[in-house]
Amino acid sequence: MKYLKSASAIALTSMFLLGCNAVTEPHSALPEASPEHCRFGDVVLQNNFQQGRIDGCKQREDGTIVVMTAPEDQPINPSPWYAFKVSSATPQTVAFEILALEEGRARYNPKASTDRENWREIEHSKGDHTIYFELTVGPEPKWVAGQELFDNDDYVAWLNTLASAYNLERFSLGNSAQNRQLPALVSRSEGTEWLILVGRQHPPELTGAMAMLDFVEAMLEHGDEFLARYNVLIAPNLNPDGVALGNWRHSTGGGDLNRDWFARTQPETAAVHEYLKELRATGHTLVYGVDFHSTWRNVYYTMPADYVSNEPTFSQDWLQLLAEKIPYDVVEAPGATPGRGIFKQYMADEHGIHSVTYEVGDETDRAEITATARAAAQALMEYMLARD
Ligand SMILES: [Zn+2]
């Protein structure tokens, strides 16, 4: 039995997700680090790309280059993101220290790439707020980041490819606080029932993003029967401002989008709500929702079966089917947080349906992410096709 229901893990995970609510003086961000700010002899660090994040750097007497990252605002989940490019005119081994400022606690294991496509984890050690590692650098720039990079342009390219391959509607749900598009795709059926897929509310949560790509691709590849019956909204990048700026978690409107689904003070959540409201106002029905995220382990945060009377065991039945398909544990953690603006809570209270926060571990094996996400899509399609 690989299907584990683990309610006892909720408290620990919630603590991690919520982080410390201590309010400290807002960090006055350093100016965006230019090469001049981060040049030490031949070694040059840059953050002038989407998801790039350096909030300051300095060199210790022993030569270690300290790369600082600070939260975009506070209070915030203490999950420091960092991403930069580094090069050196003369090849050398450089000692780095990633230093998380304010309430940040070391989270993401460092990874490096020379082409931004292929990444490897860097051997490292961690302190409470710091990550140490050495890296050989030379004239060819290397990317160093907390996770593999996948930015706003990557989403647009991906969605455009799918739109033309499968003849799908490609559109924007609206604009972000900084006027970036909220790219989306719709697979339209003959019917009126909808599956809602959303992602990337939290910019550094790349493993959740990877899972969503695999999930969607599997659905489109193998979903002829499913897609004939169900409409699917695919909105994979709900926080493009945060992605562009390399934010730790928030949108640029100053908050956590995944606490804003009831208040909808942010244009990103408001845009999705308007779309769903319009669907329902025109005779359509929402059936289920999946919201992709990352945390320290793989876990499916569901609504308790008895919280939503409409198809109460939807999530449990789907996850059971998934567990039968993969050689990995499927951990479900049901929980309700009434009044708290989390997507699945909003889907339950506002739309009366079950949905899931699909959490992928930060360091889950990438092949496992793909295998699980593809099986999850298959299982969901089978389950939904068997509905009345
Ligand atoms: Zn998240």
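**Close-up 1. Helix H9 and its surroundings.** In this predicted model, helix H9 covers residues 366-385, and its 20 residues reach 29 Å from first C-alpha to last, close to the 28 Å expected at 1.5 Å a residue. That expected span is 1.5 Å times one less than the number of residues. Helices (H or I, at least four residues) and strands (E, at least two) are DSSP runs, numbered from the N terminus. Look along H9 for its buried residues, among them Ile369, Arg374, Leu380 and Met381. Buried here means that 20 or more other C-beta atoms, placed from the backbone, lie within 10 Å of the residue's own. Their cover includes helices H3 (206-222), H4 (224-229) and H7 (314-323), along with strand E20 (355-361). Residues are numbered from 1 along each chain as its sequence is written. Local features in this predicted model need pLDDT of at least 70, side-chain atom pairs count only at pLDDT 80 or more, and totals for chains, interfaces and linings use all residues.

**Close-up 2. Strand E7 and its partners.** Strand E7 (residues 92-100) runs parallel to E5 (residues 65-69), joined by five bridges; pairing requires at least two bridges found by DSSP. Here Ile65 stands opposite Phe96 of E7. E7 also runs antiparallel to E11 (residues 130-137), with eight bridges between them, and Leu99 faces Thr130 in E11.

**Close-up 3. An open sheet of six strands.** The order is E2-E3-E6-E12-E8-E9, with antiparallel pairing. At the edges sit E2 (39-40) and E9 (120-121), each pairing on one side only. Two bridges hold E2 to the antiparallel E3 (residues 43-46), where Arg39 stands opposite Val44.

Definitions and conventions: Buried ≥ 20, exposed ≤ 12 C-beta atoms within 10 Å, placed from the backbone. Contact = placed C-beta atoms within 7 Å.
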